[in-house]
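Good morning, and thank you for making time for this.

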Amino acid sequence: MAETILFLAHTEADGTLSKATREALACAHALGGDLVLGMVGAKVAPAIDCHAVRYLAVCGEDFAAARYSTDAAAAEALYRAAGATVVVAAQTTRWARVLAGVAQRVGGRVDTHVTQLTQTSATRWLYRQRMEAVSSRPGHPWFVLVESGIAPAFTGSYTIDNIEQYSPGVSTRTVVTSRQAPKSEQQTIRPEAGLLFVAGAGWTKKQKDGRTHTDDAGRLILGFLEKSQASLGSSKSLVDLSGEGQAVLPFLSHMNQVGQTGSTPRHPKGLATCCHGEEPHVVGWRFIKERRAVNLDPNCGWARGKADVLYVADAFEVMERVNALLEERVPASVG
Ligand SMILES: Cc1cc2nc3c(=O)[nH]c(=O)nc-3n(C[C@H](O)[C@H](O)[C@H](O)COP(=O)(O)OP(=O)(O)OC[C@H]3O[C@@H](n4cnc5c(N)ncnc54)[C@H](O)[C@@H]3O)c2cc1C
């Protein structure tokens, strides 16, 4: 008998689905079985046509903002309405916060950070992407959160209007009064960017004139990010410097750190600069498809061993030139 697979999606403000959600939808779609699309949000139409056997929704202002009580109630109601044996959702912070609890409520099991999925098995990385595990869950229901970047985003048209509505009783005791976020030009972490730019501690080290040039480093890195819209990653040594009272790049935080104790982003391309460490090169960008590095040290084993191309050069000079070339192509007044 075909499995019933519920795909859970929280919608954007206009009722559509984000790219990360459509990537996870592609994974659910590829499983075969009877797909049911369950949507949660202020607005859930138009829904994406993913050849589902049913389209379900919990919608209204109470479900606009991420909140444990309302999101969990919505997910549980959709699960019960769908009669699903497998529930798939994107590994967003919103679903990651609630789906383990929902699985517990309905007597199910949950697997998170899944990078490959079949109807009977889920693959994920462990110990900071050093080991890969494949597990199966004979008991149902089975909740699975899948990582972004593991499938091309589903591209159906938004045409469905026969959506079944559900209204679970919810507690809205926690009220979202406003949102505070840095301006987009101040945000250096851009998961959708085509390039990950990794900055290492070399940017703050003494250079050939025997002095540090941290201000120049900041200007070059921010200038490059602005022109290229790349995402900024950092080595641990560089983000740790502030705790040691050294000259620092003020726009970096531990959120930028890549590696064993940082993140492992999935951009198509990566460029590491002034960076020697094993963790950023071996673990931090292992999912980056095309990797290049700029380092003064031709014997930097990690840059040479793990990058597709190593430029043995001064990153200050290289980035000055790269920024000038980008400026010619995208003048500041236009970009
Ligand atoms: C348990 C544990 C977990 C860790 N987890 C992480 C982690 O998650 N992420 C992480 O990054 N690290 C991690 N580390 C630390 C890691 O081992 C390295 O110490 C660190 O990554 C080194 O940072 P770096 O390459 O920026 O600095 P450095 O080792 O100081 O390297 C600086 C580099 O800059 C180059 N350089 C200097 N000036 C220039 C210039 N003008 N042009 C070009 N190149 C230049 C130098 O040649 C050198 O190669 C971890 C360590 C431990 C013990």
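The model I am describing is predicted. The pair belongs to a parallel pairing of β6 and β9, which runs over 4 bridges. β6 also pairs with strand β7, residues 121–126, but here the sense is antiparallel and there are 3 bridges. One of the partners there is Q116, whose bridge partner in β7 is T123. β6 and β7 form a hairpin, with 3 residues between them.

In what order do the 9 strands of this open sheet run? The order is β8-β7-β6-β9-β5-β1-β2-β4-β11, and the pairing is mixed. At the edges are β8, residues 131–136, and β11, residues 164–165, each of which pairs on one side only. Please keep a general point in mind when looking at any strand: in a regular strand, side chains alternate between the two faces of the sheet.

Further along the sheet, strand β2, residues 34–41, is paired with strand β4, residues 54–59, in the parallel sense over 6 bridges. Within that pairing, V40 is placed opposite V58 of β4. Helix α2, residues 68–82, packs on the sheet and touches β1, β2, β4 and β5. The direction of α2 makes about 155° with that of β4. A further helix, α3, covers residues 93–105 and lies across β1, β5, β6 and β9. Relative to β9, α3 runs at about 170°.

Which peptide bond is cis? The bond from A45 to P46 is cis, with omega near 5°. P46 itself is found in the loop between β2 and β3. The second detail concerns H51, which is not a glycine and yet has a positive phi of about 55°. H51 is placed in the loop between β3 and β4.

I turn now to the domains. The domain assignment of the protein gives domain 1 as residues 4–165 and domain 2 as residues 184–329. Taken over C-alpha atoms, the centres of domain 1 and domain 2 are separated by 34 Å. The contact takes 6 residues from domain 1 and 6 residues from domain 2. What classes of residue make up the side of domain 1 that touches domain 2? That side has no nonpolar residues, 3 polar residues and 3 charged residues.

Next comes an open sheet of 5 strands. Its order is β13-β12-β14-β15-β16, and the pairing is parallel. The edge strands are β13, residues 231–234, and β16, residues 309–312, and each pairs on one side only. From one strand to the next, the twist averages 20°. As one example of the pairing, strand β14, residues 269–273, and β15 are joined in the parallel sense over 5 bridges. In that pairing A272 stands opposite A293 in β15.

A pair of helices comes next. The axes of α4, residues 214–228, and α8 come within 10 Å and cross at roughly 35°. The crossing of α4 and α8 is left-handed. On the α4 side, the contact is made by D216, L220, G223, F224, K227 and S228. On the α8 side, the residues are F316, M319, E320, V322, N323, L326 and E327. By class, the contact of α4 with α8 has 6 nonpolar, 3 polar and 4 charged residues.

I close with the ligand. How many residues surround the ligand, and which are the closest? There are 30 residues around the ligand, and the closest are G200, G202, G259, H276 and G277. The elements giving two or more residues to this shell are α5, α6, β15 and α8. Among the elements, α6 gives the most, with 4 residues. By class, the shell around the ligand has 10 nonpolar, 14 polar and 6 charged residues.

Conventions:
Residues numbered from 1 in each chain as written. Predicted model: local features only at pLDDT ≥ 70, side-chain atom pairs only at ≥ 80, totals over all residues. Domains from an automatic or database assignment. Contact = placed C-beta atoms within 7 Å. Nonpolar A, V, L, I, M, F, W, Y, C, P; charged D, E, K, R; others polar. Near = placed C-beta within 6 Å. Axes fitted to C-alpha atoms, helices over the stretch in contact; angles between N-to-C directions. Left-handed = near helix turned anticlockwise from the far one by under 90°. Pairing = 2+ DSSP bridges.
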